[in-house]
Structure formats: structure tokens, C-alpha cells
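My notes follow in the order I checked things.

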Amino acid sequence: MSTYAYAVKGMTCDHCVAAVTSEVSRIEGISEVAVDLSRGTLAFTGEIPRETIADAVEEAGYELA
């Protein structure tokens, strides 16, 4: 499996990190989700289309950059 990283717009606090982590973790086939507030990034392991990740991040209230 590959590891991917994306920038996430709009995160400002630990609640933001928890929301993004929760939504992305629900996607089947995703593992090792890591959200870094200071860098504004989301990293995960899995072969998931970018659109699926973008939808989950938007569901949490944020946007992939």
C-alpha cells in the first residue's frame, strides 16, 4: 500500500484535527491516518481516490488544498 499526503485548508485547532481524522478513518481501506495541525496536512495509507478523500474532508467541514 502507498502513503499519501494532502494539504487541508481551514484547520485551526485540535477539534479540527479530530474531525478530519474521524471522517477519513471511516473510509474502508484507509489505515494509519495522521493529521498535522501545524503543517495543515493529512497523511494516510491506502489506495483511495483523491475525490473520496476530498469528500470526507469536506464532510468534516474543511477542504483539500
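I count two strands as paired if DSSP finds at least two bridges between them. I am working from a predicted model.

I started with strand β2, residues 31-36. β2 and β3 run antiparallel, and 4 bridges join them. I looked up A34 and found that its bridge partner in β3 is A43.

**Threonine 45**

I then moved to T45, which sits in strand β3. Is T45 buried or exposed? T45 counts as buried because its relative accessibility is 9%, and the cut-off for buried is under 20%. I found a polar contact of 3.2 Å between the side chains of T45 and T3. Leaving out residues up to four places away in sequence, I listed what T45 touches: M1, S2, T3, G29, I30, S31 and E32.

**Helix α2**

Next I took helix α2, residues 50-59. Which of its residues are buried? I got I53, A54, A56 and V57. They lie on the same side of α2 because they cover an arc of only 165° around the axis. I asked what this buried set packs against. The partners are β1 (3-9), α1 (14-25), β3 (41-45) and β4 (63-64). I turned to the face pointing away from the buried side and found the exposed residues E51, D55 and E59 there. Last, I looked past the helix: G61 follows α2 and has a positive phi, near 105°.

Definitions and conventions:
Residues numbered from 1 in each chain as written. Predicted model: local features only at pLDDT ≥ 70, side-chain atom pairs only at ≥ 80, totals over all residues. Heavy atoms only, no water. Buried < 20%, exposed > 50% of the residue type's maximum accessible area, 1.4 Å probe, protein only. Helix = DSSP H or I, 4+ residues; strand = E, 2+ residues; numbered from the N terminus. Arc of directions from axis to C-beta. Contact = heavy atoms within 4.5 Å. Polar contact = N/O pair within 3.5 Å; in protein donor to acceptor, adjacent residues only side chain to side chain.
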